[in-house]
Amino acid sequence: MSTLLQHAQIDWDDQGRPHSRQYDDVYFAVNEGIDETKHVFLEQTRLRERFAALAPHACLVIGETGFGTGMNFFCAWQLFAAQAHPDARLHFVSVERYPLSHADMARALSLWPELAAFSQPLLAQYVAVHPGFQQFTFDNGRVTLTLLIGDVLEQLPQLDAQVDVWFLDGFAPAKNPDMWTPELFAQLARLSGPGTVLGTFTTTGWVRRSLVEAGFAMKKVPGIGKKWEVMSGEYTGQTAPALNAPWYGRPPVSQGPRQALVIGAGLAGSATARSLANRGWQVTVLERHDAPAREASGNPQGVLYLKLSAHGTALSQMILSGFGYTRRQLERLQRGHDWDACGVLQLAFDSREVERQAKLAGAFDNSLLRSLARDEAEAIAGVALPAGGLFYPEGGWVHPPALCQTQLQHPGIHLLMHQQVITLRQADGLWQAWDGERLVASAPVAVLAGAADVRRFEPCAQLPLKRIRGQITRLPATARSRLLATVVCAEGYVAPPRGDEHTLGASFDFHSDDLTPTVAEHQGNLALLDEISTDLAERLDTGALDPEQLQGRAAFRCTSPDYLPIVGPVADSQAFNEVYAVLGKDARQVPDVPCPWLEGLYVNSGHGSRGLITAPLCGELIAAWVTGEPLPLPRAVAEACHPNRFGLRKLIRGK
Ligand SMILES: Cc1cc2nc3c(=O)[nH]c(=O)nc-3n(C[C@H](O)[C@H](O)[C@H](O)COP(=O)(O)OP(=O)(O)OC[C@H]3O[C@@H](n4cnc5c(N)ncnc54)[C@H](O)[C@@H]3O)c2cc1C
Ligand SMILES: C[S@@+](CC[C@H](N)C(=O)[O-])C[C@H]1O[C@@H](n2cnc3c(N)ncnc32)[C@H](O)[C@@H]1O
């Protein structure tokens, strides 16, 4: 799978319109761009009627091949805004192999001032668009865009969705034969169900025949402008059998009232609550402290640190998708105060790191990361450094409590503080949260987002979560330390100041259960700073600081053995072991037995040292599991994060 981003190469004609150098074709017809979109895609798929008929809270899913400049998306959203019930939702999934650069996108969008209400919000969030699944949220969560960046034949097989309407775009079959293939049509069929419709501008005979073979009833209809005829179709084929094993299947979508409990108001709980509230759910968040973000999510500054792999592992894919999603969410926060996109520099501090960085520099596009020699790194960082390294220009720091609070500010979210949930009981189709003898709240859906403490609840008691204590040190900024212009990481990290303080982190202690900050760990953090930059240490005058007087805080990270978060629906572990016991004898057997889900129960935990990157997108993942919407991550990545993976491994390997 390719991790290397390739932007569209665009030539602009004398009237300022884009032309693809890669495909030698135009993005839209010369005069009738918008009219053609409306005719081919909106009218042929009867989108107006479909939007108008959407029940409150229902979600229409549109799939598209070839996002290009996004015109089809903007036109569909415009029609949705005009026609659909205010509580209905639109989820638009589009594949794009060569995304436009920000500058080209801005230039293309300026061609349609009449679509500005839809195109400008995209432009404002058009950052960190890297290969894989990239999710966007618009209009207070009413509209979701999932861009799959990569080749359609590589991306669509990873999509878990039920698509209602297809826009079959992409340059003309003669110019782009690699896309218009039976493999593509088979994917369209796999993702379609009874009543799924399709619109396309092409009437090419073999395309029509292949679509018919794939299960679409196709008909030619009058075209528009220079296009004499176009085509529309309806899926009349078989519904594809689920590809995934039952233990990774979709649990039943809750049919009861759209009410949920979320236990824990850190990054994971706040994000989950927001993703559900954005979909019209009433969410009660239960938090034992007097405010959100009092535990791991309570540091003054955390870093958007991307620990990627050149091999496109599930974790690396999750990080790239999560990073993009978090970055777009941060655009809603106050820059400079709550976060800053000042970049992150990872120093090449030893030979292993030099080697690792060289591989990454070869595997990823330089809009994501680039190698810097020492003098270049120093020029960017504003302080003297011991080495060069990898620079992530879109990275930065975040004040995690601000992100939690922003996520929780939604009329559908009710935050109850000082609520320590001791037990969880299932009664009459509801999950009840009890604080001793007191029933605190109940709802048909409950999401456990209490980091390692999710194990206190019996259904999650078996999850292999580990707590790792970490301590940060707050260092008063000086006039000379303020010149630090980017986050710098080696074994530890230091950020440019937020207000009058830099955050320096962080220690790792696998044994201690005590959260009182220790002098020894402050000293350890100062040693980490010396490795990062003795110049910065000197600017901060650390030699003159009394370690006994240093301020900081400690909290527990919560990690899983494979370092992936644990996110998804929860099964009854005893019943699971019984119904799938045969796997212990023959792991290739896939018993045709539905997974014994604990209906309505979900977990969002195990975000380790990178919750800023993984937790917000995992809120979307939970919401997609709960509501049956398209998953915001490749199927394989969602399975790699699935709570059932451990029970399954235990059955297969006996450990
Ligand atoms: C020292 C340190 C430095 C870090 N640096 C970074 C960094 O630079 N970048 C980064 O991305 N990540 C960093 N992390 C990791 C990041 O902070 C975590 O991944 C993230 O905060 C986890 O969020 P969470 O919501 O899962 O857990 P938490 O923030 O711990 O939230 C869990 C919440 O659940 C509540 N809760 C639990 N059980 C109950 C119950 N029974 N009833 C009611 N409430 C309950 C808790 O009170 C808590 O508020 C760091 C972590 C530490 C400790
Ligand atoms: C005609 S343009 C899309 C027009 C678009 N609707 C718009 O308004 O700009 C076709 C798009 O399909 C993309 N594309 C072509 N082949 C592809 C493939 N195999 N996988 C993914 N995207 C592809 C191109 O990069 C291009 O952006």
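This is a predicted model: local features need pLDDT of at least 70, side-chain atom pairs count only at pLDDT 80 or more; totals for chains, interfaces and linings use all residues.
Residues are numbered from 1 along each chain as its sequence is written, chains are lettered from A and ligands numbered from 1 in the order in which they are written, and side-chain values use heavy atoms, with hydrogens and water left out.

Ligand 1 is surrounded by 37 residues (a residue counts if one of its heavy atoms lies within 4 Å). The closest are Ala 268, Glu 287, Ser 297, Val 303 and Gly 608. Polar contacts are pairs of N or O atoms within 3.5 Å. A backbone N or O atom of Ala 268 is placed 2.9 Å from an oxygen atom of ligand 1, and a backbone N or O atom of Gly 611 lies 3.1 Å from an oxygen atom of this ligand. For Tyr 493, a polar side-chain atom lies 3.1 Å from a nitrogen atom of ligand 1. On its own, ligand 1 has 1000 Å² of accessible area (Shrake-Rupley method, 1.4 Å probe), of which the protein covers 97%.

Helices (H or I, at least four residues) and strands (E, at least two) are DSSP runs numbered from the N terminus. Two or more residues of the shell around ligand 1 come from each of helix 9 (267-278), strand 14 (302-303), strand 25 (466-476), strand 29 (551-559) and helix 17 (611-627). Strand 25 gives the largest share, three residues. By class, the shell holds 16 nonpolar, 15 polar and six charged residues; Ala, Val, Leu, Ile, Met, Phe, Trp, Tyr, Cys and Pro count as nonpolar, Asp, Glu, Lys and Arg as charged, and the others, Gly among them, as polar.

Around ligand 2 there are 21 residues, and Thr 69, Glu 96, Val 152, Asp 169 and Asn 176 come nearest. Polar side-chain atoms of Tyr 23 and Asn 72 each lie 3.0 Å from a nitrogen atom of ligand 2. A backbone N or O atom of Val 152 lies 2.9 Å from a nitrogen atom of ligand 2. The protein covers 98% of the 600 Å² of accessible area that ligand 2 has on its own.

Elsewhere, the axes of helix 4 (residues 102-109) and helix 5 (residues 116-125), as lines fitted to C-alpha atoms over the stretch in contact, come within 11 Å and cross at roughly 170°, with angles running from 0 to 180 degrees between N-to-C directions. The two helices are therefore roughly antiparallel (angles over 145 degrees).

Notes:
A polar contact is a pair of N or O atoms within 3.5 Å; within protein, one must be able to donate a hydrogen and the other to accept it, and residues adjacent in sequence count only if both atoms are side-chain atoms. Angles under 35 degrees count as roughly parallel, over 145 as roughly antiparallel, 65 to 115 as roughly perpendicular and the rest as oblique.
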